[in-house]
Amino acid sequence: MIPIDFASRLFSLKDRVAFVTGAGSGIGQMIALGMATAGAKVVCFDLRDDGGLTDTVKFINENGGHAFSVAGDVRNASDLKKAMHRTESEFGRLDLAVNAAGIANANPALEMELEQWQKVIDINLTGIWHSCKAEAELMLKNNGGSIINIASMSGSIVNRGLDQAHYNCSKAAVINLTKSLAVEWSKNNIRVNSISPGYTATPMNTRPEMVHQTKEFESQTPMKRMADVKEMVGPAIFLASDAASFCTGHDLIVDGGFVCW
Ligand code: NAD
């Protein structure tokens, strides 16, 4: 038999400590807020300690939760180490992490210079590697945890009409980095999974080359719409929580059916 509140306990993040990169905008911001509503204390990390990042922390603290911000760049391993030191000194431990910091842009491969290629790889792939490593080191002090990397359906498919070989490759690599770390760290009780969003209405999709493509994205998606950013919260809470205690190395595609076509 199971306790009568089994399901709500399974999905609760009460008293867990979470670290979220990209918490100043879009998917990372909404997941940080969502994890706070499930009871987690949240450390919010992004490039600048103003604007969106300040809003995320303010919203959580004003609504009875606990959060603070750390500014840094996921390309710098030392920024992430410093963030882990602050997490440990202020909240005492780390249980959960969501790595959502990322960038996107487009350019035909034949016209792309190395600099453009490298920046996307450095942030979207090496940044996730630095993040996972720093997070796992702190989680190890407390018998493990759960890490969620935000990949993309572009890690499994090529988006129609978007020339972004560098982005697609970075996301395919994040999916396999996730599986590789899941296997390596299973002995350490650290679960590592990814979420691969489909087209989601965030500032990333308002970049200049996307403005005329929103309608196209909607018509290419079986559910005929883009995701509301709040629709990424449930999958993140699921993978972070005890409800996913036997899930590791999984890529959860949240795309309104896009990759089925
Ligand atoms: P967003 O631009 O709204 O948010 C990204 C956040 O990452 C920003 O706050 C930005 O400041 C931060 N960031 C960028 N570079 C950073 C760095 N070097 N160090 C620290 N922080 C940095 O974008 P979003 O749509 O919320 O995207 C979040 C993640 O989801 C990205 O990895 C993106 O590739 C992925 N994704 C988005 C979509 C979509 O349709 N929006 C679809 C699939 C995957």
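1. Contact here means heavy atoms within 4.5 Å, and helices are DSSP runs of H or I with at least four residues, numbered from the N terminus. On that basis Gln29, Ala32, Leu33 and Ala36 in H2 meet Gly52, Asp55, Thr56, Phe59 and Ile60 in H3.

2. This is a predicted model, in which local features need pLDDT of at least 70 and side-chain atom pairs count only at pLDDT 80 or more, whereas totals for chains, interfaces and linings use all residues. Residues are numbered from 1 along each chain as its sequence is written, and side-chain values use heavy atoms, with hydrogens and water left out.

3. Helix H2 (residues 26-37) packs with helix H3 (residues 51-62) at an angle of about 10°, their axes being 10 Å apart. H2 is therefore roughly parallel to H3, a label given to angles under 35 degrees; axes are lines fitted to C-alpha atoms over the stretch in contact, and angles run from 0 to 180 degrees between N-to-C directions.

4. Helix H5 (residues 114-140) and helix H6 (residues 165-184) pack at an angle of about 15°, with axes 9 Å apart, which means that H5 is roughly parallel to H6. Among the residues that meet are Trp117 and Ile128 in H5, and Tyr167 and Leu177 in H6.

5. The ligand is surrounded by 29 residues, counted when a heavy atom lies within 4 Å, and the closest are Ser25, Ile27, Asp46, Tyr167 and Thr202. A polar side-chain atom of Ser25 is 2.6 Å from an oxygen atom of the ligand, while a polar backbone atom of Thr200 lies 2.9 Å from a ligand oxygen atom.

Key: Helix = DSSP H or I, 4+ residues; strand = E, 2+ residues; numbered from the N terminus. Parallel < 35°, antiparallel > 145°, perpendicular 65-115°, else oblique. Polar contact = N/O pair within 3.5 Å; in protein donor to acceptor, adjacent residues only side chain to side chain.
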